[in-house]
Amino acid sequence: MSMYGRDPWGGPLEISHADSATDDDRSRNLDLDRAALSMTSRQLDETQQSWLLAGPGDQGKKKKYVDLGCLIVSRKLFLWTVGAIVATAALAGLITLIVKTVPRHHRPRPPPDNYTLALHKALMFFNAQRSGPIPKHNNVSWRGNSGMKDGISDPSHGRSLVGGFYDAGDAIKFNFPSSFAMTMLSWSVIEYSAKYEAAGELGHVKEIIKWGVDYLLKTFNSSADTIDRIAAQVGQGDTSGGTSTTPNDHYCWMRPEDIDYPRPVLECHSCSDLAAEMAAALASASIVFKDNKAYSQKLVHGAATLFKFSREQRGRYSGGGSDAAIFYNSTSYWDEFVWGGAWMYLATGNSSFLQLATHPTLAKHAGAFWGGPDYGVLSWDNKLTGAQVLLSRLRLFLSPGYPYEEILRTFHNQTGIIMCSYLPIFNTFNRTKGGLIQLNHGRPQPLQYVVNAAFLAALYSDYLEASDSPGWYCGPNFFPTGVLRDFARTQACSSIDYILGKNPRKMSYVVGFGGRYPKHVHHRGASIPKNGVKPSCKGGWKWRDTKKPNPNTVVGAMVAGPDRHDGFHDVRTNYNYTEPTLVGNAGLVAALVALSGEASGVDKNTMFSAVPPMFPNPPPPPTAWKP
């Protein structure tokens with residue numbers, strides 16, 4: 001019989017009890033045990049764990065263990081574990097080496113969609129329209145420096161107006177439509193900067209905007225707080241119905257680089273529409289360049305000066321039978337007040353501009369509460385529809401509440417009605433047999449209006465999606481957001497697809513896009529070869545009248561477009577078919593970027609970067625009840 005005790009090292013000690021042993025024997029044996037333990041302490045240190053783990057019958061089997069401090073494991077298990085870890089590490093290293101040395105085959109990116117491809121080309125048109133010193137990276141080989149004495153050559157003005165863009169196929173610089181073009185480009189950048197960046201065009205479009213607004217800053221005293229005049233136009237186009245033989249930008253057919261005739265500056269002193277549109281251009285651009293604080297503030301100051309001038313010096317810039325009235329006649333300045341006021345508020349956060357833009361009387365004068373044939377058609381002359389969409393954005397994303405809610409709700413509802421009017425199921429506008437919506441009611445040059453509507457339709461559908469709106473009403477019928485977004489995008493895409501070649505003539509109306517496009521574009525610079533020969537004013541007529549294709553391709557130019565029967569005449573002298581314009585291409589660029597790429601959605605916050613947090617005031621209490 002045996003019992004187990006514990007020694008000082010934790011190992012089991014077996015003590016035998018013999019009946020014949022005496023107390024003295026036990027004492028002597030214990031002394032011997034102590035001496036033995038003292039002598040063999042080192043051996044016990046090495047074997048104590050085997051005593052602990054071994055039972056009484058296993059004392060003869062010696063096992064080896066490893067002491068890891070807080071953990072004691074079998075040496076065999078320890079070796080297997082270490083070996084497995086080393087083997088795993090070696091295998092992982094081998095796999096890593098193989099991965100790094102074997103050639104990689106990345107999955108290629110999907111090819112750009114047609115809208116992105118067309119966007120690259122549409123932006124190039126602005127490079128072809130530059131006036132002034134041409135940058136080295138302009139990438140239009142047949143263009144050079146031009147208009148280098150603009151402004152200075154006119155004694156009545158005497159200040160430099162070098163720069164900016166030529167309006168169309170001529171060499172006139174019209175501030176009214178070019179300002180609207182810059183506003184449209186800035187609006188598209190604010191909403192879709194991520195798409196521009198994905199297409200690799202963000203820097204390009206911002207450079208175009210800066211080129212345009214830098215010129216606008218030259219047309220008035222932008223450092224002053226108060227002004228009394230604006231340079232509205234450089235160059236002249238009136239030919240008095242063909243009876244005048246005075247050399248000017250329409251009578252002569254010359255490359256801009258070769259112009260040697262006088263280029264007068266037309267100034268205005270009462271031009272609310274022009275000044276308010278210029279203010280919108282500078283204000284919207286200040287948001288685009290908000291990261292450049294000094295430049296952005298310069299634009300804001302210029303915009304404020306212009307808008308103040310527009311409010312104090314009432315009048316239409318094209319009144320009085322001016323040259324501008326022939327080509328870009330403004331019918332009213334009230335829509336520019338709403339449009340410009342909205343942009344001024346977004347650029348400054350000053351609520352006085354929002355109060356003005358949402359004033360019911362101003363909206364009434366702008367035509368917000370009555371229809372008319374051009375209601376809902378955004379153009380260089382009528383900005384009301386753009387202002388309504390812009391202010392609907394404010395309501396959807398910020399909900400400023402009282403005292404703006406009532407008029408903003410009205411604008412929002414009207415925007416919904418306008419979007420419904422674009423859809424083919426309501427027949428508000430006629431369409432050609434090929435499906436092109438006739439927003440200008442069959443009049444010439446329809447495409448510039450179509451692209452603006454396509455931009456607004458795509459943009460507003462993105463607004464609804466971003467604001468989690470359930471939908472909107474078309475009359476008594478409620479359509480979920482998803483359905484209307486599909487309708488809006490379908491309509492926008494069908495219009496743009498028509499322009500890009502899906503039409504009865506199978507022709508792209510964007511020069512350089514697709515296999516078939518206009519070759520006789522009404523454009524002086526593109527139609528005259530750059531060969532060192534300088535034709536005279538009338539000497540260039542042979543290039544105007546020739547039936548040969550243009551020697552230079554004005555890439556990206558969207559021509560005026562087909563007629564109401566889907567017909568198109570590729571004839572250089574018929575500008576109603578073949579002439580491109582800044583405003584047309586600005587709308588095209590905006591529509592293309594809105595529809596481009598796989599991702600959708602707008603940048604909700606950049607537009608409001610200057611707007612302070614809104615804490616709507618409670619509405620006034622109801623009038624006390626009286627019996």
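Student: Which cysteine forms a disulfide with Cys420?
Tutor: Cys474 does, and the two sulfur atoms sit 1.8 Å apart. A disulfide here is a pair of cysteine sulfur atoms within 2.5 Å. The model is predicted, so local features need pLDDT of at least 70, side-chain atom pairs count only at pLDDT 80 or more, and totals for chains, interfaces and linings use all residues. Residues are numbered from 1 along each chain as its sequence is written, and side-chain values use heavy atoms, with hydrogens and water left out.

Student: How many disulfides in the whole structure?
Tutor: A search finds 3. With the bonded cysteines numbered in sequence order, the pairing is 1-6, 2-3, 4-5.

Student: What does Cys252 pair with?
Tutor: Cys537, at 1.9 Å from S to S. Its S-S torsion is about -90 degrees, so that disulfide is left-handed. Cys252 is in the loop between S6 and S7, and Cys537 is in the loop between H17 and H18, 285 residues apart. Both are buried.

Student: And which cysteine is joined to Cys268?
Tutor: Cys271, with the sulfurs 2.0 Å apart. This link is right-handed, with 65 degrees about the S-S bond. Cys268 is buried at 7% relative accessible area, and Cys271 is buried at 0%.

Student: Switching topic. Where does UniProt put the active site?
Tutor: The unreviewed entry places that feature at His522, Asp570 and Glu579. They span 58 residues in sequence, yet no two of their C-alpha atoms are more than 10.1 Å apart, so they gather at one spot. UniProt positions follow the numbering used here, feature names are shortened, and annotations may be inferred rather than shown by experiment.

Student: Where is His522?
Tutor: In the loop between helix H16 (481-500) and helix H17 (524-527). His522 is buried, with a relative accessible area of 10%. Its contacts beyond four places in sequence include Trp253, Arg572 and Glu579. Contact means heavy atoms within 4.5 Å.

Student: What does the His522 side chain reach?
Tutor: The backbone oxygen of Arg572, at 2.7 Å. That sort of polar contact is a pair of N or O atoms within 3.5 Å; within protein, one must be able to donate a hydrogen and the other to accept it, and residues adjacent in sequence count only if both atoms are side-chain atoms.

Student: Last one. Where's Gln448?
Tutor: In helix H15 (residues 447-466). Gln448 is buried, at 11% relative accessible area. Leaving out residues up to four places away, Gln448 touches Trp380, Met558, Val583 and Gly584.

Conventions
Helix = DSSP H or I, 4+ residues; strand = E, 2+ residues; numbered from the N terminus. Buried < 20%, exposed > 50% of the residue type's maximum accessible area, 1.4 Å probe, protein only.
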